[in-house]
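Please take a moment to look over the sequence and the model before reading on.

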Amino acid sequence: MKKYCIAVALLIAQLYSSAQEKDTIALQHGAHRSGNRTDADMARWRTLRLGQFIHWGVYAITGGEWKGKTYNGAAEWIRSWKEMPHADYDNLYKQFNPVNYNPEQWAQYAKGMGAKYMIITTKHHDGFCLWPSKYTRYTIASSPYRKDIIGPMVDAYNKEGIDVYLYFSIIDWNHPDWRTSLKTPADSVAYGRFKIFVKNQLQELLTRYPTVKGFWFDGTWDDSWKNDGAFSDELEQYLQQLHPGLIIGSRLRADEKGARHFDSNNHLMGDYEQGWERKLPEKYADVHGNDWEGVMTIPENQWGYCAKWAGHIKSSNELIEMLARSTSLGGNFVINFGPKPDGTFRSEEIQRMQETGSWMKINGNAIYGGGYAGFDKQDWGYYIRKAGTDSVFMVVCNVPVSGNLRVKLPPHTTLLKASPLAQPSAEITPEMIGKNEYFIQVGNAPRTAPFVILLQTSTGAENGSFEKART
Ligand code: FHN
């Protein structure tokens, strides 16, 4: 009978997997890899966990306002507002003169925040290039500032040990050949030229700034781009051959059916999932085991400099909680900043960099190299496992009124030791409340920031108790 049941189960499994295979479409320009990249560059990316995003360009001059009126959208999009004539916007570069731009200071701020990588907008949707590209005149070289912005930035950040990634928008409102869709043969010819321009600029960036670690693509949702999966596929391969190890998220690619991020067989394209913008996954199942990154604004939806921030402005504690959540779900978290037109940061941003940095100085060990722990989520916060070890950090963001933090160990795990990360010698004695279940008492005195408890565990043995393990 037992043998019969096994045979039936095997048959069902076989039928199921061949049905799945049948549902799989043959794709020439779909994902070329199954699972995450395993090389050293990607392994490094996975340990960085905290990044800094910078949106900077001529839009900073307007700060989201034009002729006394305030634009309701994201400030870097102001050119698309009917109150802002294109001709006015397209001449802003004649005033772009960030005399207080100090890349060394920017890099120190980022280091002070605890950022291990940064992403800079080399060119946003408006097409203005912060480097002196030889393929267009709409660049920093035509501004009163004239000097390259990107080179000194890459050098300064690298000097502080921070990896640099280059944001590059495919949308280019300034380029005469850029199209959203191709309606006529003439459109196709123009867009063909545009694609060569894109490829040239990307090659130029890699040649000029050889230490960069990757590209961060954006503006790839138009039909013109997503209906040419072959081009984005070939471009990705070309760039990665040119610069071995280069990291490119899922936004660049489309497959031949126009599917973006995930191909038509639902496999991730690119090196990590790049769709988490101003939102984060709720649970581990949401990321399907893929590498991923979340990018976050401090106000609701402003990336470039906006003089009047409105709505909810995230506090440092909120950002730290998001960082802990991202790390606990195996992703990187990137906080965005929009410097002013003169090259300085607004005080609210400096404050958040400093406060996040103060927290990271004490608790960074829970974040860098951290990932999913495999413990049942609890309402007090997030578990983070130092990759490949039995050290599990509890980042506590909400202490219950009882002052007791529930910890439920996964099967075959033993709790050996618990101690506050900020004070390793102050060992905590958890109260056992059930098989493999504990309360860690932390009291409920008011606290000003999330705090971290380090659990030393051991796995592989049968479920044991804290007391037993210590004898
Ligand atoms: O439209 C842009 C926006 O301005 C900003 O650059 C963000 C950053 O992730 N990306 C776009 C929208 O997806």
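Which atom of the ligand lies 2.6 Å from an N or O atom in the side chain of Asp218? It is a nitrogen atom of the ligand that sits at this distance from Asp218, and the pair falls under the heading of a polar contact, which is a pair of N or O atoms within 3.5 Å, where within protein one must be able to donate a hydrogen and the other to accept it, and residues adjacent in sequence count only if both atoms are side-chain atoms. Taken alone the ligand exposes 330 Å², of which the protein buries 91%; accessible areas such as this come from the Shrake-Rupley method with a 1.4 Å probe, and for residues only the protein chains shown count as cover.

Before going further, note that this is a predicted model, in which local features need pLDDT of at least 70 and side-chain atom pairs count only at pLDDT 80 or more, while totals for chains, interfaces and linings use all residues. Residues are numbered from 1 along each chain as its sequence is written, and side-chain values use heavy atoms, with hydrogens and water left out.

In total 13 residues surround the ligand, each with a heavy atom within 4 Å of it, and the closest are His55, Glu76, His124, Asp218 and Glu277. This shell divides into 6 nonpolar, 3 polar and 4 charged residues, where Ala, Val, Leu, Ile, Met, Phe, Trp, Tyr, Cys and Pro count as nonpolar, Asp, Glu, Lys and Arg as charged, and the others, Gly among them, as polar.

Turning to the whole chain, its secondary structure comes to 11 helices and 18 strands, which are DSSP runs numbered from the N terminus, with helices (H or I) of at least four residues and strands (E) of at least two. The C-alpha trace spans about 75 × 60 × 40 Å along its principal axes, and buried residues, meaning those under 20% relative accessible area, make up 53% of the 471 residues.

Finally, consider Ser391, which lies in strand β13 (residues 391–396). Ser391 counts as buried because its relative accessibility is 16%, and its side chain makes a polar contact with the side chain of Gln456 at 3.1 Å.

Methods: Buried means under 20% relative accessible area, exposed over 50%, partly exposed in between (1.4 Å probe, protein chains only).
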